Amino acid sequence: MIYKSLFHWGARLRNPSLLPQLKALITSQNWSRTQLEDFQQERLRELLIWAQRAPYYQKLFTDLQLDPERKWDPGDFQKLPILDKATLLDQNEAIHTQYPWPKLFFCETSGSTGQVLTFRRNERWDSFNRASIWRGYQWHGVQPWDRNLYFWGYNFGSRKRLKTRILDAAQNRFRLFDYRPETLRAVLPRLKQVVYIHGYSSMIYELARLVLDQVGPLELPKLKMIKGTSEKIFPHYQETIRQAFGRNMISEYGAAESGIIAFECASGNMHLNMEGCLVEEVDHEILVTNLLSHSFPIIRYRLGDTIRLGDPKYTCPCGLAHPILEEVTGRIGKNLIGKTGHYPSLTLYYIFKNLFFEKGLKLNYQAHQYQKGQLVYRLTNALSPDLERQIRLESGKYFGVDMDLVFEQVETLQTYQGKLKDFISHIEA
Ligand SMILES: [Zn+2]
């Protein structure tokens, strides 16, 4: 098959260690929890030894009197300070390890704050990340070269669009550039050939809505996986996607700095990628150490998400011994500011989650704050006095009378670099 050959050819050229690392991951996925933990500690030690080559960590180890070459007590690791994005930006060069890497990949990522973080990834790191995704695909019977529909940014100029189309063709994928009904009708025949769909969950949801609206539920005999990334998957997304395509969306969780942290298995559980990262849960917040980040060590990094880990004694029917990530509840963003109190932006997630589970309300919302004590709810749903009343009632459980609510019906919700955010604060500080 041509796409398989193309994939292997490209991989050998760009990521020579991809295949060996995939093989290793396929082996280690059969290990026991203890074997995995031992392996994780070994990789952690290897990372700390590499980190000595970075001036930032060298100073840190000296200050804390920690010697990576010696065996550490479990508490030693926790002595290392929590790393945040501001430090990655300020100390950028000092965090890079001083080593003549034969091959480096330039990586650029931006957060919601708009600051662009750049760093260099060594080949093994980059390839491991790809191997982790590939392994996840295999849990669903999918190979990366299978026919696929891809959703990522689509805000290109025509020149860039052509280049994108050529690259897409080589990878046996196509993407939608807009959601017009005529575009949908044009791609329908191709959709029937698709083995997997992947991209931003909000965009996959939009497509599902359009499909239901225009043609009704689809029969997609070849479809094996729908994968959403980079955003929370709201409960009402799943229902719509299941109706439109006949299966649930699975999630992949990770970031450029951390690599793949978790991937959902065929039994519907998100398993931590133990071979590649070490996850700590501190005050419900995730701290992640990227075990492969030898060229730019990411150690105890505050990703900014709140998470809930599963019961450590639970065993997943799929057979993997990797611990389960129960829920990623979302980004810890700016606070909602009431007349007297402050509320985490996560509050919105709970309000709308309750409205869905308790009242069956599928609301596509985004909250904006322009002034203290007032929240503007924008919805793409048709507004009615009854709907407003229900949202007020649920919001009141959290805010009491501390927050005035304003409702606006809109066509589309504002995205930030293709990502849909549920809260945007326009208040400084
Ligand atoms: Zn599982």
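Predicted model: local features only at pLDDT ≥ 70, side-chain atom pairs only at ≥ 80, totals over all residues.
Is cysteine 277 buried or exposed?

Cysteine 277 is buried: its relative accessible area is 2%, and the cut-off for buried is under 20%. In the secondary structure, cysteine 277 belongs to strand S10, which covers residues 277-282. What does cysteine 277 touch, leaving out residues up to four places away in sequence? The list is Gln40, Ile260, Ile261, Val288, Thr289 and Leu291. In sequence, 237 residues separate glutamine 40 from cysteine 277, yet in space their C-alpha atoms are 7.7 Å apart.

Now the whole protein. It has 14 helices and 21 strands. Along the principal axes, the C-alpha atoms fill a box of roughly 65 × 60 × 45 Å. Of the 429 residues, 52% count as buried. As for contacts with a separation of 6 or more, 68% of them are between residues 24 or more positions apart. The pair of cysteine 277 and glutamine 40 is one you can look up in the structure above, at 237 residues apart in sequence.

Next, the helix pairs. Helix H2, residues 18-28, packs with helix H8, residues 123-138. The angle is about 50 degrees and the axes are 8 Å apart. That angle makes H2 oblique to H8. The crossing of H2 and H8 is right-handed. On the H2 side, the residues in contact are Leu18, Leu19, Gln21, Leu22, Leu25, Ile26 and Ser28. On the H8 side, they include Phe128, Ala131, Trp134 and Arg135. Sorted by class, the contact of H2 with H8 has eight nonpolar, five polar and four charged residues.

The second pair is helix H12, residues 235-245, with helix H13, residues 346-359. Here too the angle is about 50 degrees, with the axes 9 Å apart. H12 and H13 are therefore oblique to each other. Which residues of H12 meet H13? They are Pro235, His236 and Glu239, and they meet Lys353, Phe356 and Phe357 in H13. By class, this contact divides into three nonpolar, one polar and two charged residues.

That is the end of my part.

Methods: Residues numbered from 1 in each chain as written. Heavy atoms only, no water. Axes fitted to C-alpha atoms, helices over the stretch in contact; angles between N-to-C directions. Helix = DSSP H or I, 4+ residues; strand = E, 2+ residues; numbered from the N terminus. Parallel < 35°, antiparallel > 145°, perpendicular 65-115°, else oblique. Left-handed = near helix turned anticlockwise from the far one by under 90°. Contact = heavy atoms within 4.5 Å. Nonpolar A, V, L, I, M, F, W, Y, C, P; charged D, E, K, R; others polar. Buried < 20%, exposed > 50% of the residue type's maximum accessible area, 1.4 Å probe, protein only.
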